[in-house]
Amino acid sequence: GDNNSVVFNGKDNDVIVAGKEKATYGKGARAIINSAFIIAIMDYCSSKGLSHPGFVILDSPLTTYKERDRQANLKNEDVANSVKAQFFYNLARVCKHKQIIIFDNEIPPKDISDITYHHFTGNKEIFRTGFIPQSL
């Protein structure tokens, strides 16, 4: 397949992305592929009138993502950060009428709009320690 193809492999019950089996990608890339697949299932169910709760929860889809250098003059970190930023930008753009809850250590770009972002500190001295308040 070409660089933009995603094909379901019925034999392995998994997807082939850009001509490569998902298992051949690194852990971080697989997490992004899995996230896209989960969102695609929600879209499919919605478009076909099938049962779905109407939201998805993604646990750490970006935390482990690192990308090999694509160009000699780009640091590995710069390339990976651009992919992570595009992940957030793309979700904000294409998922306006869907709820996607993401738990991750990565912080969305500051200029992104149309999302609700909560920073959990894990520190009792700073507001918003975690998702569930320790006392009411």
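Me: Where does Ser35 lie?

Reply: Ser35 is part of helix 1, residues 27–48. Helices (H or I, at least four residues) and strands (E, at least two) are DSSP runs, numbered from the N terminus. This is a predicted model, where local features need pLDDT of at least 70 and side-chain atom pairs count only at pLDDT 80 or more, while totals for chains, interfaces and linings use all residues. Residues are numbered from 1 along each chain as its sequence is written, and side-chain values use heavy atoms, leaving out hydrogens and water.

Me: Is Ser35 buried or exposed?

Reply: Buried means under 20% relative accessible area, exposed over 50%, and partly exposed in between (1.4 Å probe, protein chains only). Ser35 counts as buried because its relative accessibility is 4%. Contact means heavy atoms within 4.5 Å; leaving aside neighbours within four places in sequence, Ser35 is in contact with Leu58, Pro61 and Phe87.

Me: Which residues have the most contacts inside the largest nonpolar core?

Reply: In soluble globular proteins, nonpolar side chains tend to be buried together. A nonpolar core is a set of buried Ala, Val, Leu, Ile, Met, Phe, Trp, Tyr and Cys residues joined through side-chain atoms within 4.5 Å. Here the largest one has 18 residues, and Ile39 and Phe87 have the most contacts inside it. Helix 1 gives the largest share of this core, 5 residues. Not counting residues up to four places away in sequence, Ile39 touches Val56, Leu58, Leu91, Cys95 and Ile100.

Me: How many salt bridges does a search of the whole structure find?

Reply: Side chains of opposite charge can pair when their charged atoms come close. A salt bridge is a side-chain nitrogen of Lys or Arg within 4 Å of a carboxyl oxygen of Asp or Glu, and the search finds 3. One of them joins Lys98 and Asp43 (3.3 Å, N to O). That pair links distant parts of the chain, with Lys98 in the loop between helix 2 and strand 5 (99–103) and Asp43 in helix 1, 55 residues apart. Lys98 is partly exposed at 30% relative accessibility, and Asp43 is partly exposed at 32%.
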